[in-house]
Amino acid sequence: MKISEVARRVDLPISTIRYYEQIGIITDEYVVRDQNNYRVYTPDIIHHLSVVKHCLAVGFSIRDIQVMISMNGIPKDEHVNLIQNKIAEIEAAQQKLEESKQNLYDILESDMICEKGFGKI
């Protein structure tokens with residue numbers, strides 16, 4: 001299938017698909033060249049890009065995904081470890097956000113005002 005169809009089916013801009021090819025997120029196994037040297041994508045590209053989008057949505061970076069792809073298969077214990085580490089990162093971020101929220105509530109309760117200027121009494 002052509003790049004425009006892939007883009008439509010996975011809801012990604014064509015430029016993103018080209019970028020993913022450039023940086024190795026889309027590997028050669030998903031791309032062939034036709035007689036006119038146009039890219040033609042295998043049907044498996046849809047699942048591959050869906051997995052990439054899902055990984056990005058749950059907090060993995062492009063670099064994380066590049067590393068996972070370059071490993072060409074990850075043992076189950078390593079896969080579990082990657083996910084547990086990502087969960088720990090998310091929990092740490094949640095804790096930090098909760099602390100920030102509590103600090104804001106504390107400021108509201110202290111009735112701090114800035115009518116005379118920031119930080120002035």
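This is a predicted model: local features need pLDDT of at least 70, side-chain atom pairs count only at pLDDT 80 or more; totals for chains, interfaces and linings use all residues.
The largest nonpolar core holds 21 residues. Within this core, V6, I17, I26, Y41, I45 and L49 touch the most other members. Two or more residues are given to the core by each of the elements α1 (3-10), α2 (14-23), α3 (44-57) and α4 (62-70). Helix α3 supplies the largest share, five residues. In soluble globular proteins, nonpolar side chains tend to be buried together. When neighbours within four places in sequence are left aside, I45 is in contact with V6, I26 and Y30. Of these partners, V6 and I26 are also listed among the core residues that touch the most other members.

Helices α1 and α2 have axes that come within 9 Å and cross at roughly 105°. Because angles of 65 to 115 degrees count as roughly perpendicular, α1 is roughly perpendicular to α2. On the α1 side the contact is made by I3, S4, V6 and A7, and on the α2 side by I14, I17 and R18. By class, the residues of this contact comprise five nonpolar, one polar and one charged. Two of the residues in the contact, V6 and I17, are also among the core members that touch the most others.

The axes of α1 and α3 come within 10 Å, with a crossing angle of roughly 45°. The two helices are therefore oblique to each other, and the crossing of α1 and α3 is right-handed. Residues V6, R9 and V10 of α1 meet I45, I46, L49, S50 and K53 of α3. This contact of α1 with α3 has five nonpolar, one polar and two charged residues.

The axes of α3 and α4 come within 10 Å and cross at roughly 135°. An oblique arrangement of α3 and α4 therefore results, and the crossing of this pair is right-handed. The contact joins H48, V52, C55 and L56 of α3 to I62, I65 and I69 of α4. Six of the residues in the contact of α3 with α4 are nonpolar and one is polar, while none is charged.

Most residues other than glycine have a negative phi. In D11, phi is near 55°, a positive value in a residue other than glycine. Residue D11 is placed in the loop between α1 and α2. With a relative accessibility of 63%, D11 counts as exposed, because the term applies to values over 50%. The second residue, N37, has a positive phi of about 70° and is likewise not a glycine. Residue N37 is found in the loop between β1 (31-33) and β2 (39-41).

The remaining residue, N85, belongs to helix α5 (residues 76-109). Its relative accessible area is 41%, and N85 is therefore partly exposed. Between N85 and R39 the separation is 46 residues in sequence and 37 Å in space, taken from C-alpha to C-alpha.

Methods:
Residues are numbered from 1 along each chain as its sequence is written. Side-chain values use heavy atoms; hydrogens and water are left out. A nonpolar core is a set of buried Ala, Val, Leu, Ile, Met, Phe, Trp, Tyr and Cys residues joined through side-chain atoms within 4.5 Å. Buried means under 20% relative accessible area, exposed over 50%, partly exposed in between (1.4 Å probe, protein chains only). Helices (H or I, at least four residues) and strands (E, at least two) are DSSP runs, numbered from the N terminus. Contact means heavy atoms within 4.5 Å. Axes are lines fitted to C-alpha atoms, for helices over the stretch in contact, and angles run from 0 to 180 degrees between N-to-C directions. Angles under 35 degrees count as roughly parallel, over 145 as roughly antiparallel, 65 to 115 as roughly perpendicular and the rest as oblique. Ala, Val, Leu, Ile, Met, Phe, Trp, Tyr, Cys and Pro count as nonpolar, Asp, Glu, Lys and Arg as charged, and the others, Gly among them, as polar. A crossing is left-handed if the near helix is turned anticlockwise from the far one by less than a right angle, and right-handed if clockwise.
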